Amino acid sequence: MTNNLDAMTFIEVKNLSKTFDQFLANDSISINIKKGEIHALLGENGAGKSTLVKCLYGVVKPTDGQILINGNHVTINNPREARSYGIGMVFQHFSLFPALTVSENILISLDEKITKKYLEDKISITAKQWSLPIEPTKKVLDLSVGEQQRVEIIRCLLQNPKLLIMDEPTSVLSPQEINQLFKVLRKLANSGCSILYISHKLNEIKQIASKVTILRSGKVISSTSTSKISTTSMAEKMIGKKVKKITKISKNRFVNSPNAISINNLDRKKLSQFGTELKKISFNVKYGEILGIAGVAGNGQVELMNALSGETLGDPDEIIFEDKKIGNTNIKFRRSLGLEFVPEERNGHATVPDITLTENTFLTFYNTYSKNNNFLDNILLSSNMSSDDSISIINDNDVRCPYSNPLADQLSGGNLQKFIVGRSLKANPKVLIISQPTWGVDIGAASEIRSKLLLLAKAGKAIILISQDLDEIYEISNKICVINNGSLSTPKITSKISATDIGILMGIN
Amino acid sequence: MENLLITILLTSIPILLAGLGELVTEKSGVLNLGVEGMMLCGAVAALGSVLIFGNPYIGILFGAIAGILISTVFSFFTITLMTNQVATGLGLTIFATALTGLIGEPFVGKTAASLPKLEIIFLSDIPYIGKILFSNDILVYFAIFLIFFIHFGFQNTKIGIIIRAVGDNHDSAHSIGYSVKLVRWISTSFGGMCAGMGGAYIPLALTPHWSEGMTAGKGWIALALVVFSSWMPIRLLIGALIFGGITILQFVAQARGWDVPSQFLNMLPYLATILALALISLKLRHNNYAPACLGKHFLGNK
């Protein structure tokens, strides 16, 4: 490489490795980011993306390898040193403090000594300059997710970064917010700041980045210009095998099928001060149909899920299943009718983290295990019943366990989710209500889960899918509606609603 | 009347000091249930050092040091070794009750010198309130100063905001580059120092001789006050004053010969304080939230 080219490079990573105990998270990674370049880092969960950027930001120390900034060898021991080299980072799970105000949040991450008042003015100016509107004296817990991300970005901008690392920034944003974010990123790149953009959304990478580095199992698989690679081949490189295309069911198949479940003017008060009130939610789902409920997180999805599953109760006729009024009945009764629920939080809500898969299976099906209804059979269990069931769930759904019958929290997110979905399918539900089924799940597992849902619908069952992932909603639902601030839009046939329409229904322009 | 108000103020000082310290500790995310024990350590250290050196100011110093030392034991177990905070805090109080009983044995029956009153010129001549507010010993001034110091510190200083941040979301604080454990060690030590001084105030100004368990549950009241005051220093003062006021009411009732069982009067300050603050926090529920990481371990970087 000539000197001229070197001058264009801001940061260069050479043969960086990181091991945790026995596990090799980064295996001799080399990457080169030019000044003003938007460089995408692509990989599945566990491919080593997070570890790599944490090394760059000084959160974890690399085991081996070198980092060069402007051609000089550096060691980055902590985030403060990273910031002094001009590296800023916006985390996927925001590193904000909900109880503090915007300016207080920013104040503690700045290394210079300034007063709160001066900082508030500076925030307002920066916010205007980059068109990222924000109120400095508001508490973070009163902000929407998109606004919280703006706080993170402004926090980085105030330090005049030369490299901005963004970890999955769009996973929580509406389509319109994503466009706004991309405008800011392009403006930033034009001003000479490099951007390392981590994502597993292929279309986005094509759209925003000029270069992409693909990681798999801790290794660099490919590093190329985005104009020279198709999304399909990016996906194949990322997961290491061909991606199966999912086929959707024809849309008119269930026009005449009977109604499975109707929700009529369902109201719920907010659960906590930060919750959302549900306002007159109505919809119905026919057998064989998948209804997708889109929406930005925190708009009432949790409250809706709780109301549907029976964790919060209301009037009997708010929920009608076939002909039964069940709005005031508990979870156990609803499940006995053939409804199944998969809540959003898989570790701690859908499963008990500290007990084994067999025991988790037992908790789900215990009332079917006592055949004779006598006292002893209800107390003493026959352990092979639940272990037979859990083994068949594991085998049928390709759940990869580190050893036989592990604790629930020892499975990776994707495998645990496959187990949970499999467990619900095992109950042979008539209606499946599932929330964020593939959140944080890698592409392979996500597509398996989605095809299971499609199979279930093909078998004539009804599915309500609550998801933040628009691609997923489009991929498998027959009808789509949007939840915004506790209200639900009228369901529309998938082909008749565009992403822009959905963005408008999400209440963001 | 004037004397009565002064007595109420003095009675509330130990709870106020210990409560302010615990407030800072809890804001950083550490729940130290050992306040009662730390106060006892402060009390016995203060009394012993005054008996030896004869100077009540030395007593404050030793009380504070004793509080810091015993809180260090707590920090070492809970922050470094990551033992359960509730169990460790309770253990600390049980341990300190016995330890101070042992150390205090030789002091039984001896009387220590009390803290002198410091009149502030001019201010103490203000009619009605001058004598009450500006003719007190140094710890009263210190406690009142501390209320505003902590209130201001949490709002307007970087270290204050960092402490709140660590208590609010320790993973984020770590990811921006702050040492969660160090901040918690310092906050817990500050809590220990304040509890030690609050304990020291009892023999130095209220009852100048040793009796086992002489804090008589004031540490527990301080703990409850912190929660009911929604982690706000000014409200903590209100709670402490109510407690002091009703404690004094007992003596008035006895002196006037009211026909109320003494057990009921003994119970009253605790009951009234908690009721009053429960009502306050009911009304102001919307900003009544605990530090989100209170009582949680920080595991460091996994």
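**Figure 1. Packing of helices α2 and α9 in chain B.** In this predicted model, helix α2 (residues 35-53) of chain B packs against helix α9 (residues 180-206) of chain B at an angle of about 55°, with their axes 6 Å apart. Helices (H or I, at least four residues) and strands (E, at least two) are DSSP runs, numbered from the N terminus. Axes are lines fitted to C-alpha atoms, for helices over the stretch in contact, and angles run from 0 to 180 degrees between N-to-C directions. α2(B) and α9(B) are therefore oblique to each other; angles under 35 degrees count as roughly parallel, over 145 as roughly antiparallel, 65 to 115 as roughly perpendicular and the rest as oblique. The crossing of α2(B) and α9(B) is right-handed. A crossing is left-handed if the near helix is turned anticlockwise from the far one by less than a right angle, and right-handed if clockwise. Among the residues that make the contact are B:M38, B:C41 and B:L47 of α2(B), and B:G192, B:M197 and B:I202 of α9(B). Two residues are in contact if their C-beta atoms, placed from the backbone, lie within 7 Å. By class, the contact of α2(B) with α9(B) has 15 nonpolar, five polar and no charged residues. Ala, Val, Leu, Ile, Met, Phe, Trp, Tyr, Cys and Pro count as nonpolar, Asp, Glu, Lys and Arg as charged, and the others, Gly among them, as polar.

**Figure 2. Helix α1 of chain B against helix α11.** Helix α1 (residues 2-27) of chain B and helix α11 (residues 233-256) of chain B have axes 7 Å apart and pack at an angle of about 135°. That angle makes α1(B) oblique to α11(B). The crossing of α1(B) past α11(B) is right-handed. The contact includes B:T7, B:L16 and B:G19 of α1(B), together with B:P233, B:F243 and B:T247 of α11(B). Its residues comprise 14 nonpolar, seven polar and no charged.

**Figure 3. Helix α1 of chain B against helix α6.** The axes of α1(B) and helix α6 (residues 138-156) of chain B cross at roughly 35° and come within 10 Å. Here α1(B) passes α6(B) in a left-handed crossing. Residues of α1(B) including B:L10, B:I13 and B:V24 meet residues of α6(B) including B:L139, B:A143 and B:I150. The residues of this contact of α1(B) with α6(B) are 14 nonpolar, no polar and no charged.

**Figure 4. Open sheet β2-β1-β4-β5 of chain A.** Four strands of chain A, in the order β2-β1-β4-β5, form an open sheet with antiparallel pairing. Two strands pair if DSSP finds at least two bridges between them. The edge strands, β2 (23-34) and β5 (72-74) of chain A, each pair on one side only. From one strand to the next, the twist averages 25°. Strand β4 (residues 64-69) of chain A runs antiparallel to β5(A) and is joined to it by three bridges. A:L68 stands opposite A:H73 in β5(A). Helix α2 (residues 49-56) of chain A lies across β1 (9-20) and β2 of chain A, at about 60° to β2(A).

**Figure 5. Open sheet β12-β11-β14-β15 of chain A.** This open sheet has four strands in the order β12-β11-β14-β15 (chain A), paired antiparallel. Its edge strands are β12 (278-286) and β15 (324-325) of chain A, each pairing on one side only. Helix α10 (residues 301-309) of chain A packs on the sheet and touches β11 (259-268) and β12 of chain A; the direction of α10(A) makes about 60° with that of β12(A). Strand β14 (residues 319-321) of chain A and β15(A) run antiparallel and are joined by two bridges. A:I320 stands opposite A:K325 in β15(A).

**Figure 6. Contact between chains A and B.** The contact takes 18 residues from chain A and 16 residues from chain B. On the side of chain B that touches chain A, α7 (158-168) and α8 (170-176) of chain B are the elements that give two or more residues. α7(B) gives the most, with six residues. This side of chain B has six nonpolar, seven polar and three charged residues.

**Notes to the figures.** Residues are numbered from 1 along each chain as its sequence is written, while chains are lettered from A and ligands numbered from 1 in the order in which they are written. As this is a predicted model, local features need pLDDT of at least 70 and side-chain atom pairs count only at pLDDT 80 or more, whereas totals for chains, interfaces and linings use all residues.
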